[in-house]
Amino acid sequence: MRTRLLAATLTAFAAVSLAACSSSGPGPHPATAAAGSPTTPAAASVPAPGTATTPPTPESPSASAPDPAASPSAPAAPSTPAPDNPSAPAPDSGSPGAPAPAKPTPPGDAGLPGKPGTDLTGKLVAALDAIDPAIVGGKPDQAVDRARNQCQALFQFPKDKSKLVELANQRFTSPDHPQGFGPDTAAKINDALRTTLCPPPA
């Protein structure tokens, strides 16, 4: 009985020794391989009991997010025009591009003298009678009205002699001279009016 037990024990020991020899090879044994080798994963660190664990700090969004201003594809901010300088001088109104000021329109009665008094009326009638008594024809008031209107024409057209002669022929007429007294007499009438009733040109 003891012999069988001993034989069985030896057989089991030989089997274990053979298995140990066959498992040992050129490469490192899995159990004896150094920790951290490529074939063995590193053991996770386990915090000690009672130790407060600090959660990992998340990265700041500003650190990881791309800066739109630094991106080459970001559109450039529109430039704001500078406001007008209130102290800048006003444009010169006399520049060539500025419109010329409008010429004031003369009044409708420009050059029309007032109704003369007795003395001036006598001088006017005497000057016209010296040219031709038919110009007044015994109607001094009518001659004064015609003379005043002719004075206005002398004021408006001071250098247009032909026009003034034409207007004098149209105004100073008589039954014997319905078309006027002619250019020579009309010119003399104009001269007489300038020296008596009509105001001098400005």
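Me: Arg146, Asn149, Gln150, Ala153 and Leu154 sit in α4, so to speak, on one side of a contact; which residues in α5 do they meet?
Reply: Heads up: this is a predicted model, where local features need pLDDT of at least 70, side-chain atom pairs count only at pLDDT 80 or more, and totals for chains, interfaces and linings use all residues. Residues are numbered from 1 along each chain as its sequence is written, and side-chain values use heavy atoms, leaving out hydrogens and water. Contact here means heavy atoms within 4.5 Å. With that in hand, the α4 residues Arg146, Asn149, Gln150, Ala153 and Leu154 meet Leu164, Leu167, Ala168 and Arg171.

Me: By class, how many residues in the contact of α4 with α5 are nonpolar?
Reply: Ala, Val, Leu, Ile, Met, Phe, Trp, Tyr, Cys and Pro count as nonpolar, Asp, Glu, Lys and Arg as charged, and the others, Gly among them, as polar. In the contact of α4 with α5, two residues are charged and two are polar, while the nonpolar ones number five.

Me: At what angle do α4 and α5 pack, and are they roughly parallel or roughly antiparallel?
Reply: Helix α4 covers residues 140-156 and helix α5 covers 161-171, and they pack at about 165 degrees with their axes 10 Å apart. Axes are lines fitted to C-alpha atoms over the stretch in contact, with angles from 0 to 180 degrees between N-to-C directions. Angles under 35 degrees count as roughly parallel, over 145 as roughly antiparallel, 65 to 115 as roughly perpendicular and the rest as oblique. So the angle of about 165 degrees makes α4 and α5 roughly antiparallel.

Me: Which residues of α6 make the contact with α3?
Reply: Helix α3 (residues 118-131) packs against α6 at about 160 degrees, and their axes are 10 Å apart. That makes this pair roughly antiparallel. On the α3 side the contact is made by Leu124, Ala127, Leu128 and Ile131, and on the α6 side by Thr185, Lys188, Ile189, Ala192 and Leu193.

Me: Is Cys151 buried or exposed?
Reply: Buried means under 20% relative accessible area, exposed over 50%, and partly exposed in between (1.4 Å probe, protein chains only). Cys198 has 8% relative accessibility, so Cys198 is buried. Cys151 has 2%, so Cys151 counts as buried.

Me: Now the loop between α5 and α6: is Gln179 there buried or exposed?
Reply: Ser174 is found in that loop, and its 14% relative accessibility means Ser174 counts as buried. Ser174 touches Ala134 and Phe181, not counting residues up to four places away in sequence. Gln179 lies in the loop between α5 and α6 too. Its relative accessible area is 69%, so Gln179 is exposed.

Me: How many helices does the protein have?
Reply: Helices (H or I, at least four residues) and strands (E, at least two) are DSSP runs, numbered from the N terminus. Along the sequence the pattern reads α-α-α-α-α-α. There are zero strands, and the helices number six.
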